[in-house]
Amino acid sequence: MTETLDERGLSCPQPVLDTLKALPLVKGGKLSVLVDTEAARENVARAAESRGWKLASVDEKDGDYTLHLVKG
Amino acid sequence: MKNHLSTRWGIIAVGAVIGLLAALLQKLGNPPNMGICVACFERDIAGALGLHRADVVQYLRPEIMGFVLGSLGAALLAKDFRPRTGSAPVIRFALGFFAMIGALIFLGCPWRALLRLAGGDWNALFGLLGLTAGVFIGTLFLRGGYNLGPARKAPKFVGLAMPLLMLGLLVLAFYNPPVAGEAKSGVIFYSVKGPGAMYAPLFISLAIGLLVGGLAQRSRFCTMGALRDLILFKQMHLFSGLIALVVVAFLANLAFGQFKPGFTGQPVAHSLGIWNFMGMVLAGLAFALAGGCPGRQLFLSGEGDGDAAIFVLGMIVGAAFAHNFGMASSPAGVGPNGILGLGVGLGVCLAIGFFGTLKKA
């Protein structure tokens with residue numbers, strides 16, 4: 001089961017902070033992060049990549065983005 | 001569509017362009033080492049509207065209006081206009097208020113601190129160190145779980161309120177243009193001398209403001225975030241934009257004959273290192289707790305963020321209080337109540353940091 005973080009509505013740097021806190025604790029090598037601004041999408045992807053994770057895909061729906069991160 | 005400006009090279013290019021345009025604005029008439037200063041310019045707007053009566057700093061700075069409207073334009077074009085609000089707005093008002101108090105002790109926002117440095121004003125080093133210290137204190141709260149809570153999506157008209165306010169100020173400026181030698185034009189106050197009487201031509205200031213607003217919105221340029229991300233995540237992304245700004249502004253200043261190194265006699269500045277430092281500690285802490293430097297708050301308000309808009313309004317009101325209550329500095333030194341304002345501001349911001357971190361506050 002993929003763990004999911006809901007960071008909608010939270011402003012910078014919350015989405016990145018929460019993602020970086022969650023990454024080392026994720027079991028199963030997959031994390032989904034839900035954000036609602038483009039900036040958060042960019043920042044979370046960049047932060048995850050800086051820790052060796054990869055952005056597998058992004059789903060967009062109603063202005064929200066779900067980033068699917070996988071451990072690199 | 002990929003956002004090229006939010007890449008590493010994108011933000012470096014944006015920083016470089018801002019540095020160049022700021023130096024150019026100074027060359028074309030803005031005050032020395034103040035091609036762009038969000039705090040000073042919002043203070044000047046407060047003066048023009050009569051919210052304070054410090055007659056050397058009254059002018060409706062089109063750069064500020066341009067930042068918001070340029071950001072709105074870029075956001076709309078990129079389908080990135082997201083009206084939202086509701087994350088402890090009254091607290092953000094207070095943060096904006098005290099951020100301005102701190103900035104006016106140093107006599108600059110982080111943008112101006114960088115431009116002062118690029119102009120040879122070494123007093124800015126104290127300000128930048130203070131800014132870093134203030135942001136560092138903010139990161140301690142952030143690490144501890146500080147959070148003002150989520151914003152909620154809002155109707156479009158809510159997100160358009162600040163851009164429309166800025167448009168209104170532009171209309172005021174057009175219909176009440178400055179008249180040489182006159183302290184007032186219609187309802188608007190205008191400095192006849194001092195920094196408020198130094199400005200680039202209106203259309204150039206506006207055009208550059210619009211361009212910077214658009215570029216900064218797309219690239220997420222933020223001077224506080226640059227320091228915060230370096231401290232908190234050891235990430236250089238935003239910081240690289242900041243470096244580009246300083247380097248290019250410095251080179252442009254050399255080319256324009258605007259580089260005058262030294263500590264004493266620097267324009268619109270004082271040399272009291274400790275207060276340059278402490279003023280920016282307050283400002284840096286407030287920016288960190290509010291999630292953005294004053295420029296970023298303008299760009300966010302342009303893309304529909306009502307909480308950032310409240311922060312901006314807090315800064316404008318803070319500027320009025322700073323001058324009315326003698327808290328603002330001048331080249332002669334700190335104001336009679338500046339240090340008191342600093343103490344109150346630090347107390348309030350530390351309390352906000354503390355209570356914003358408690359699970360049940």
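Two residues are taken to be in contact if their C-beta atoms, placed from the backbone, lie within 7 Å. The legends below describe a predicted model, in which local features need pLDDT of at least 70 and side-chain atom pairs count only at pLDDT 80 or more, while totals for chains, interfaces and linings use all residues. Residues are numbered from 1 along each chain as its sequence is written, and chains are lettered from A and ligands numbered from 1 in the order in which they are written.

**View 1. Chain A as a whole.** Chain A has two helices and four strands, where helices (H or I, at least four residues) and strands (E, at least two) are DSSP runs numbered from the N terminus. Along the sequence these elements follow the pattern β-α-β-α-β-β. The radius of gyration of chain A, 11 Å, is close to the 11 Å that the globule rule gives for 72 residues, so chain A is as compact as a globular protein of that length; the radius is taken over C-alpha atoms, and the rule is 2.2 Å times the number of residues to the power 0.38. Its C-alpha trace spans about 30 × 20 × 15 Å along the principal axes. Among contacts in chain A with a separation of 6 or more, 57% are accounted for by residues 24 or more positions apart. Of the 72 residues, 40% count as buried, a residue being buried if 20 or more other C-beta atoms lie within 10 Å of its own, exposed if 12 or fewer, and partly exposed in between, with C-beta atoms placed from the backbone. The mean pLDDT (the predictor's confidence in each residue, from 0 to 100) of chain A is 94, and 99% of its residues reach 70 or more.

View 2. Strands S1 (residues 3–6) and S2 (residues 30–35) of chain A run parallel and are joined by four bridges; strands are said to pair if DSSP finds at least two bridges between them. Within this pairing, Thr4(A) stands opposite Ser32(A) in S2(A). Mean confidence is lowest in S1(A), at 94, and highest in S2(A), at 97.

**View 3. The antiparallel strands S2(A), S4(A) and S3(A).** Strand S4 (residues 64–71) of chain A is joined to S2(A) by six bridges, the two running antiparallel, and Leu34(A) stands opposite Thr66(A) in S4(A). Strand S3 (residues 53–61) of chain A also runs antiparallel to S4(A), through eight bridges, with Ser57(A) opposite His68(A) in S4(A). The hairpin of S3(A) and S4(A) has two residues between the strands, and Asp62(A) takes a positive phi near 55° in this hairpin.

View 4. The buried residues of H1(A) are Gln14(A), Pro15(A), Val16(A), Leu17(A) and Thr19(A). Their cover includes S1, S2 and helix H2 (38–50) of chain A, together with helix H6 (123–143) and H10 of chain B. Glu7(A) lies in the loop between S1 and H1 of chain A and is buried, with 23 other C-beta atoms within 10 Å. Not counting residues up to four places away in sequence, Glu7(A) touches Gln14(A), Pro15(A), Asp18(A), Val33(A), Leu34(A), Val35(A) and Ala40(A).

**View 5. The side of chain B that touches chain A.** In this interface, 18 residues of chain B are in contact with 19 residues of chain A. Helix H10 (residues 223–233) of chain B supplies the largest share of the chain B side, four residues. That side divides into five nonpolar, eight polar and five charged residues, where Ala, Val, Leu, Ile, Met, Phe, Trp, Tyr, Cys and Pro count as nonpolar, Asp, Glu, Lys and Arg as charged, and the others, Gly among them, as polar. The model scores ipTM 0.95 and pTM 0.97.

**View 6. Asn337(B) in its loop.** Asn337(B) is found between helix H14 (306–324) and helix H15 (338–357) of chain B, and is partly exposed, with 16 other C-beta atoms within 10 Å. Leaving aside neighbours within four places in sequence, Asn337(B) is in contact with Phe325(B), Gly326(B) and Met327(B).
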